[in-house]
Amino acid sequence: MDGLASAALQAPQHPPRSAIVDLGSNSVRLVVFEGLGRNPVPIFNEKAVLGLGRGLQSTGRLNEAAVEQALTVLARYHAVATAMGAPAMEILATAAMRDASNGPDFAARLRERLPEVPVTILTGEGEARMSAEGLLLGFPEANGILGDIGGGSLEVVDLRDGEARNSASLPLGVIRLAERAGGDVTQARAIAEADLATVPWLAGGKGRDLYLVGGAWRAMAKIHMSQTHYPLSIVHHYVLPREEARDLCALIIASKKAQLEKLPGAQARRAADLPFAAVALRRLLRASGADRVVFSANGLREGWYARRLEAGVRAEDPLLAASLEMSARFGRDETLPPALINWTAPLFPRETGFERALREAACWLSDVGSHDHPDYRAEQAFLRILRQPGVGLDHHARAFLALAVALRYEAAPDPVALAPARALLGAAEVRQAELLGAALRLAYTLSGGTLALLRASALSVMDGTLRLTLEAGKGLFAGEGALRRLEGLATALNLRAELVEG
């Protein structure tokens with residue numbers, strides 16, 4: 001057996017993989033997911049902008065040139081998915097395929113070219129429902145209106161406390177709207193307003209959130225983030241108050257294509273579509289009365305992924321699930337975090353339910369730098385947590401957890417590297433993260449990251465004193481480092497420090 005064959009046989013097995021193709025009016029995208037955990041982990045993502053639905057409004061047919069390109073691209077995607085160990089690829093076709101007179105013919109050619117690949121042409125309602133399932137993976141308690149904009153259609157769904165209620169599909173995708181309006185944004189406003197008026201339940205969004213899905217709207221978020229120098233370049237969970245969203249739309253609608261291409265954060269290939277995405281958003285804000293917009297990277301593809309999950313996995317809390325997954329991958333001992341949760345509890349007697357959830361997550365994440373270079377553990381752990389793929393973490397949660405764990409690794413109090421987290425948090429949240437980081441640092445100093453030694457120590461707060469109790473004969477030693485960290489933690493809590501041994 002040669003060396004290459006031997007290495008292949010010894011290669012570690014990866015979790016099962018699955019592949020989904022989103023065949024839209026403007027683009028076709030392949031995503032390969034690894035595993036079937038609560039948080040989708042996309043390990044490959046490739047998009048081709050084909051304009052399959054361009055001209056559909058006037059001809060009623062798919063763009064013939066794009067059809068030929070699509071066949072080639074989809075054959076490549078199947079080869080990529082198979083080579084990556086995700087042979088069970090599926091193709092989901094949306095508005096262009098279901099509305100075009102030659103859509104069924106193209107589907108037949110696809111099935112002939114790729115007979116082992118399922119091709120599903122989604123109905124408008126089916127597309128809306130699947131997008132809602134994807135969004136709910138990241139926002140399990142979503143309460144508001146979902147809007148998912150593509151090239152050919154706009155899907156809207158009423159979400160009530162994490163459940164999808166009413167849904168509708170409207171011909172207001174960016175390509176379709178531009179063609180219906182003859183490229184005139186003023187005409188597009190009237191068209192969008194008239195179409196949205198046919199969905200009376202949209203008015204129930206007043207005072208709630210408007211959840212935005214779709215590449216054109218994500219591109220608008222990127223522009224706003226760049227203009228405001230936002231400290232985290234992650235669109236998922238990015239939030240804008242109603243008036244800021246309206247102002248952003250106004251800016252984009254008033255800008256020429258050349259101006260849009262030069263805007264910081266803008267994508268040149270989307271410049272022609274952005275004014276119509278902005279028109280659709282502004283009219284949707286008016287129709288719904290939503291207080292703010294919340295951008296989501298989850299949508300149709302994640303909805304397809306969600307349907308593959310077992311019910312118990314799908315019901316897991318995404319914050320805790322993401323923390324456990326990262327702990328299992330990067331930590332040293334999965335039995336330690338539950339003990340850390342109990343060990344740190346006396347320091348936070350009045351925490352809210354959400355604050356407790358963050359503390360628990362931080363305990364699970366507290367050892368994710370254990371395999372990094374010691375000179376960079378704080379920085380690596382900070383960036384790993386801040387930029388993790390967990391879909392249920394809003395930007396404040398990311399910042400809180402990243403800061404707490406960086407300080408557990410004794411990051412300098414206010415280095416430039418930690419500035420993004422501090423910018424995203426209020427003063428009270430920063431203080432909470434600092435206290436938790438200091439407590440975790442003391443715990444690891446005493447225990448060396450081992451369950452047995454941690455169990456031989458305990459923290460308590462009574463009569464203005466922070467007391468650290470160490471059991472005798474268990475190998476614990478309150479050296480200079482431990483005493484210094486105990487004093488620092490007590491000072492931060494405005495308490496006296498006391499060490500009890502034996």
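The questions below go through a predicted model, step by step.

Q: Why is Asn102 called buried?
A: The cut-off for buried is under 20% relative accessible area. Asn102 has 5% relative accessibility, so Asn102 counts as buried.

Q: Where is Asn102 placed?
A: You will find Asn102 in the loop between helix 4 (95–99) and helix 5 (103–113).

Q: What makes the link between the side chains of Asn102 and Glu64 a polar contact?
A: A polar contact needs a pair of N or O atoms within 3.5 Å, one able to donate a hydrogen and the other to accept it. The side chains of Asn102 and Glu64 are joined at 3.4 Å, so the distance meets that limit. Setting aside neighbours within four places in sequence, Asn102 is in contact with Arg61, Leu62 and Glu64.

Q: How do you know that strand 1 and strand 4 pair?
A: Pairing asks for at least two bridges between two strands. Strand 1 (residues 17–23) and strand 4 (residues 90–93) have four bridges, so they count as paired, in the parallel sense. Here Leu23 stands opposite Ala93 of strand 4.

Q: What makes strand 4 and strand 5 a pair?
A: Three bridges join strand 4 to strand 5 (residues 119–121), and at least two are needed, so these strands pair too, in the parallel sense. Ala93 stands opposite Ile121 in strand 5.

Q: How does the reach of helix 6 stand against the expected value?
A: Helix 6 (residues 124–138) has 15 residues and reaches 22 Å from first C-alpha to last, close to the 21 Å expected.

Q: What makes helix 6 mostly covered?
A: Twelve of the 15 residues in helix 6 are buried, among them Glu127, Met130 and Leu135.

Q: How do you know that helix 16 is mostly covered, and what do its buried residues pack against?
A: In helix 16 (residues 336–344), seven of nine residues are buried, including Leu336 and Trp343. The buried residues pack against several elements, including helix 15 (318–330), helix 21 (427–447) and strand 12 (457–462).

Notes:
Residues numbered from 1 in each chain as written. Predicted model: local features only at pLDDT ≥ 70, side-chain atom pairs only at ≥ 80, totals over all residues. Heavy atoms only, no water. Buried < 20%, exposed > 50% of the residue type's maximum accessible area, 1.4 Å probe, protein only. Contact = heavy atoms within 4.5 Å. Expected span 1.5 Å × (residues − 1).
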